[in-house]
Amino acid sequence: MKKTLLALFCIFALFEAKAQNSSWVYDFGTTTATPYTSTTYNSSYLPATMSGGGIASVRSSSATEGSVELTNAGLAGSTGAELKMTSGTATSGTKFGLAPFSGTSVATFQCKINVSSGSNGRFLLYFGNGSNFTSGSGISVPQTFAALRLSPTSTAVALDWLSSATSPNYITTGLTQTTINKNQAYTLKFFMNNSNNAATYATGSGASIVTHNLPAGTFDIWLDNAKILMNADPGTGLLTQGTIINAMNLLNVTPGSSAPVINVDDISYTNFLV
């Protein structure tokens, strides 16, 4: 009898663990829309997410600049609608968010991006947990686990990542690639482990599957099929280790006189490591 109860307990525990694993796809649908030009963080401009996938919201940097728009330009490398975010020239704050989704302390995120124009200004893609992710507010470092900054220049787009709560907090250390081309679509991937235990994830398929180690409190970033940042440790002052990751924001953190533009599409994200 005890063995039977133990077996049943194990089965129920397995089902519970599997039930907590969720994945979502978000591709902005097929319908274009006129630019959104309000600083109110709006949850009705974009299509709804899948169940448990959080609320898709946007805001502009001001009423006169830094708009967001659903277009069908195809600059992010896909079909249908995509999100176009234009930086403010004098005021930052253009923002897109998915939050709060049904998170755990691990997560993955993938999207197609293209910084299609601009020679200054900055965009920040970041993940974590907290009230700033669900409002029109800017980044809160203590709420952030992983962050990649994209800064267009006259010739390319510079990359660096948030490594500390104290300045200089954005660094290129560990990045095997510190620039990408402007007006070129890339697939960007994050594998995140904010748990208190080491974890693994796999890439490839069939005989080409590769297992990657992800120590507790670290994350990896991939660009297309290359790992460009491995086991990055956010350090003291960022999101407390063990906290669930349930939010993503893409934010224009620095205005640019050139009004740089970033295009995003084909988002997929999970609350488990594949």
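Me: What should I know about the numbering and the model before reading any values?

Reply: Residues are numbered from 1 along each chain as its sequence is written, and side-chain values use heavy atoms, with hydrogens and water left out. The model is predicted: local features need pLDDT of at least 70 and side-chain atom pairs count only at pLDDT 80 or more, while totals for chains, interfaces and linings use all residues.

Me: How many cavities of 30 Å³ or more are there?

Reply: On a 1 Å grid over the protein atoms alone, a cavity is a set of points where a 1.4 Å probe fits but cannot get out, and a pocket is an open set with protein on both sides within 12 Å along at least five of seven lines; lining residues have an atom within 4 Å of a point. Grid points are joined across faces, edges and corners, and a volume is the space filled by probe spheres set on the points. Here the count is 1 cavity of 30 Å³ or more. The largest cavity has a volume of about 40 Å³.

Me: Which elements give two or more residues to the lining of the largest cavity?

Reply: Helices (H or I, at least four residues) and strands (E, at least two) are DSSP runs, numbered from the N terminus. Strand S7 (106–117), strand S18 (247–254) and strand S19 (261–270) each give two or more residues to the lining of the largest cavity. Among the lining residues are Phe-109, Cys-111, Met-248, Leu-250, Ile-262 and Val-264.

Me: How does that lining divide by residue class?

Reply: Ala, Val, Leu, Ile, Met, Phe, Trp, Tyr, Cys and Pro count as nonpolar, Asp, Glu, Lys and Arg as charged, and the others, Gly among them, as polar. The lining of the largest cavity has 11 nonpolar residues, no polar and no charged.

Me: What is the volume of the largest pocket, and which residues line it?

Reply: The largest pocket holds about 180 Å³ of space. Its lining includes Thr-108, Phe-109, Gln-110, Lys-189, Phe-190 and Ser-268. S7, strand S13 (186–193), strand S14 (199–203) and S19 give two or more residues to this lining. By class, the lining of the largest pocket has 5 nonpolar, 5 polar and 1 charged residues.

Me: Which residues touch the most other members of the largest nonpolar core?

Reply: In soluble globular proteins, nonpolar side chains tend to be buried together. A nonpolar core is a set of buried Ala, Val, Leu, Ile, Met, Phe, Trp, Tyr and Cys residues joined through side-chain atoms within 4.5 Å. Buried means under 20% relative accessible area, exposed over 50%, and partly exposed in between (1.4 Å probe, protein chains only). The largest core has 51 residues, of which Phe-96 and Phe-190 touch the most other members. S7 gives the most to this core, with 5 residues. Another core, of 10 residues, lies apart from it and includes Val-141 and Leu-238.

Me: Where is the backbone worth a look?

Reply: The peptide bond from Ala-99 to Pro-100 is cis, with omega near -15°. Pro-100 sits in the loop between strand S6 (95–99) and S7. Two residues other than glycine can be checked for positive phi: Phe-28, near 70°, and Asn-183, about 55°. Phe-28 is in the loop between strand S1 (23–26) and strand S2 (33–36), and Asn-183 in the loop between strand S12 (179–180) and S13.

Me: Is Phe-28 buried or exposed?

Reply: Phe-28 counts as buried because its relative accessibility is 1%. Asn-183, with a relative accessible area of 48%, is partly exposed.

Me: What does the side chain of Asn-193 meet?

Reply: A polar contact is a pair of N or O atoms within 3.5 Å; within protein, one must be able to donate a hydrogen and the other to accept it, and residues adjacent in sequence count only if both atoms are side-chain atoms. A polar atom of the Asn-193 side chain lies 3.0 Å from the backbone oxygen of Leu-214. Asn-193 belongs to strand S13 and is buried, with a relative accessible area of 0%. Contact means heavy atoms within 4.5 Å. Leaving aside neighbours within four places in sequence, Asn-193 is in contact with residues including Ser-105, Phe-145, Leu-214 and Thr-218.

Me: And Asn-231?

Reply: Asn-231 is in strand S17 (residues 226–232) and is partly exposed, at 28% relative accessible area. A polar atom of its side chain lies 3.1 Å from the backbone oxygen of Asn-213.
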